Amino acid sequence: QTEHRNLIKEVESAVGRLRLLDFPVKMSGSPSKLGPPPALGEHTHEILTGLGYGDADVERLRRSGII
């Protein structure tokens, strides 16, 4: 059923080509935006600054090996 509904998508990622399951609810005029998963640590700075950490705090965490 998943193949028939074209729910299995292949995307390129940092670790190679991945087969992923797309969102099962399909609506006309709303194409899928399935993309590769984020790389390890790709959003760390954005998340920590969104939680209130300053740029200097994030850099200190990075230098100390915590992140």
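Arg-60 is partly exposed, at a relative accessible area of 47%, where buried denotes under 20%, exposed over 50% and partly exposed the range in between (1.4 Å probe, protein chains only). The model is a predicted one, in which local features require pLDDT of at least 70 and side-chain atom pairs pLDDT 80 or more, while totals for chains, interfaces and linings use all residues. Residues are numbered from 1 along each chain as its sequence is written, and side-chain values rest on heavy atoms, with hydrogens and water left out.

Arg-60 takes part in a salt bridge with Asp-57, with 3.1 Å between the closest N and O atoms; the term requires a side-chain nitrogen of Lys or Arg within 4 Å of a carboxyl oxygen of Asp or Glu. Because Asp-57 and Arg-60 lie three residues apart in helix H2 (residues 55-63), about one helical turn separates them. Helices (H or I, at least four residues) and strands (E, at least two) are DSSP runs, numbered from the N terminus. Asp-57 is likewise partly exposed, with a relative accessibility of 27%.

Four salt bridges are found in the structure as a whole. Among them, a network links Glu-10, Glu-12 and Arg-17. Arg-17 meets Glu-10 at 2.9 Å (N to O) and Glu-12 at 3.2 Å between the closest N and O atoms. Arg-17 is exposed at 52% relative accessibility, whereas Glu-10 is partly exposed at 44% and Glu-12 partly exposed at 48%.

A nonpolar surface patch is formed by Phe-23, Val-25 and Met-27, which together have about 360 Å² of accessible area. Patches comprise residues with over 30% relative accessible area and no salt bridge, like charges being joined within 9 Å and nonpolar side chains (Val, Leu, Ile, Met, Phe, Trp, Tyr) within 5 Å. Met-27 is located in the loop between strand E2 (16-21) and helix H1 (44-50) and is exposed, at 58% relative accessible area.

The chain contains two helices and two strands, arranged along the sequence as β-β-α-α. Its radius of gyration is 18 Å, well over the 11 Å given by the globule rule for 67 residues, so the chain is more spread out than a compact globule; the radius is taken over C-alpha atoms, and the rule is 2.2 Å times the number of residues to the power 0.38. Along the principal axes, the C-alpha atoms fill a box of roughly 50 × 25 × 15 Å. Of the 67 residues, 12% are buried.

Terms used
Areas by Shrake-Rupley, 256 points an atom, 1.4 Å probe, with all protein chains shown as cover.
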